[in-house]
Each structure stands twice: as C-alpha cells, then as structure tokens.
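User: I'm new to this one and would like to know what the labels rest on. Can we go through it together?

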Amino acid sequence: MKSTSPISAFWLLAATLTLTTAIKLNITAIGTSNGKSTLECWQLDAPFEVSNAAGTKGSVTAQLGDVASASFLVVPADFDGGLHNAPANQWVMFTSGLAHITVSGGDSRGAYIEGGEFGLIFAADIVGLSEGHYTTYPGITETTGLQIPTRDGSVPAHQVVRSGPCQCNETEGLKALAAGP
C-alpha cells in the first residue's frame, strides 16, 4: 500500500478544498478613477484549478489570461521611477527586491510590494486614463521582475475587494489551507 507524505496530503487537501470552495487569487492593482490612479485590492473572477499539466499535475493554478509578450526588469537599489503611467495594461511580477507604489491623493503609505511569492500586481493606469503613479525601489539591493502586457490590452475579470492595496491576510491564499479545514 502506498503511503501519502504530509506534503502530498496537503496538496490533496488543497485540491479538494479548491474545488469545493472556489478559492480565488487576490492581487494589488493600480487602477483608475476620475482621471486619477488608484490602489485597489482585486479578486480575480477565475478560481484556482487543479493542474493536469505534466510537472505540476495535482497542484493548483490560477489563470491570468492571454499575454502579449514579457520582459525582464532589473532596477538598481534606491531607484526613483518618478511619476509615470503603466505602458500597457500589464502584469508585473516582482521576483526579488522591493517596490513602493504611491498614488496622488491616495493612501500616503502606498503599497510596498516585496519580490517573491506575493510580488504579483496588475497595472491598469495607462496614459489617457489617469495622471499616473509613483514607484520607488527603496531596497538595498536591486529589484528584479517581469513585465507582462496582456493581449489586446485586456484587463482580467475581477471584483474590487476594497480600496487600497491588499493586506497580507488577503493575499496569502493557499497558505491558509496549511492549517486544515
């Protein structure tokens, strides 16, 4: 008889709960309202699904939609990106380092986005929709990431959870499953 490791049991539990509770991905987004950039916590409409793909079969995935291209970004430590708009509706995945995003007239604390597992954001404040946002990179090391524009400028189907960036407990997602049902 084949035994189940604790890790396999976790993923089996995650897959089962995902199918029965429709866990969805929450991300911080740079949106727009009345000509101004906003920070919002979005929940994507598409739930996590159990993967059937080779190499990840049995794990869970969240579909992010069709993309047009991708570029790798390396920003020096203590860099000031100034006021700017997103060049396109795009996913930005910070893989290392630290980014600080603020918007005029908004929450003065802004959003600190740490590279790694919670480093995914969506930027939708393109030219013509808003006056832009500020991004600085206050870390002591470089920040790396991927910029991934969506195909045809699409914005993923989502619900706004609330105004302001997602908080830690809103982005942990599957980590909550580790505690069990």
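User: Where is the place of Q90?

Analyst: Q90 sits in strand β7. Strands here are DSSP runs of E with at least two residues, helices are H or I runs of at least four residues, and both are numbered from the N terminus. Before we go on: this is a predicted model, where local features need pLDDT of at least 70, side-chain atom pairs count only at pLDDT 80 or more, and totals for chains, interfaces and linings use all residues. Residues are numbered from 1 along each chain as its sequence is written, and side-chain values use heavy atoms, with hydrogens and water left out.

User: Why does Q90 count as buried?

Analyst: Buried means under 20% relative accessible area, exposed means over 50%, and partly exposed is in between (1.4 Å probe, protein chains only). Q90 has 5% relative accessibility, so it counts as buried. Across the protein chain, 36% of the 181 residues count as buried.

User: What does Q90 touch, leaving out residues up to four places away in sequence?

Analyst: Its partners include I121, F122, Q147 and P149. A contact here means heavy atoms within 4.5 Å.

User: What makes a group of residues a nonpolar core?

Analyst: The members must be buried Ala, Val, Leu, Ile, Met, Phe, Trp, Tyr or Cys residues, joined through side-chain atoms within 4.5 Å. The largest such core has 15 residues, and those with the most contacts inside it include I30, L39, F94 and I101. At least two of its residues come from each of β5 (71–75), β7 (90–96), β8 (98–103), β9 (111–114) and β10 (120–123). The largest share, 3 residues, is from β8. There's also a second, separate core of 14 residues, with A29, A62, W91 and F122 among them. In soluble globular proteins, nonpolar side chains tend to be buried together.

User: What does F94 touch, not counting residues up to four places away in sequence?

Analyst: Among the residues F94 touches are A99, I113, I121 and Y137.

User: How do you know that β8 and β11 pair?

Analyst: Two strands pair if DSSP finds at least two bridges between them. β8 and β11 (residues 133–137) have 4 bridges, in the antiparallel sense, so they meet that definition. T102 stands opposite Y134 in β11.

User: Which sheet has antiparallel pairing, and in what order do its strands come?

Analyst: It's an open sheet of 4 strands, in the order β6-β11-β8-β9. β6 (79–84) and β9 are the edge strands, since each pairs on one side only.

User: And how many helices and strands does the protein chain have?

Analyst: The protein chain has 2 helices and 13 strands.
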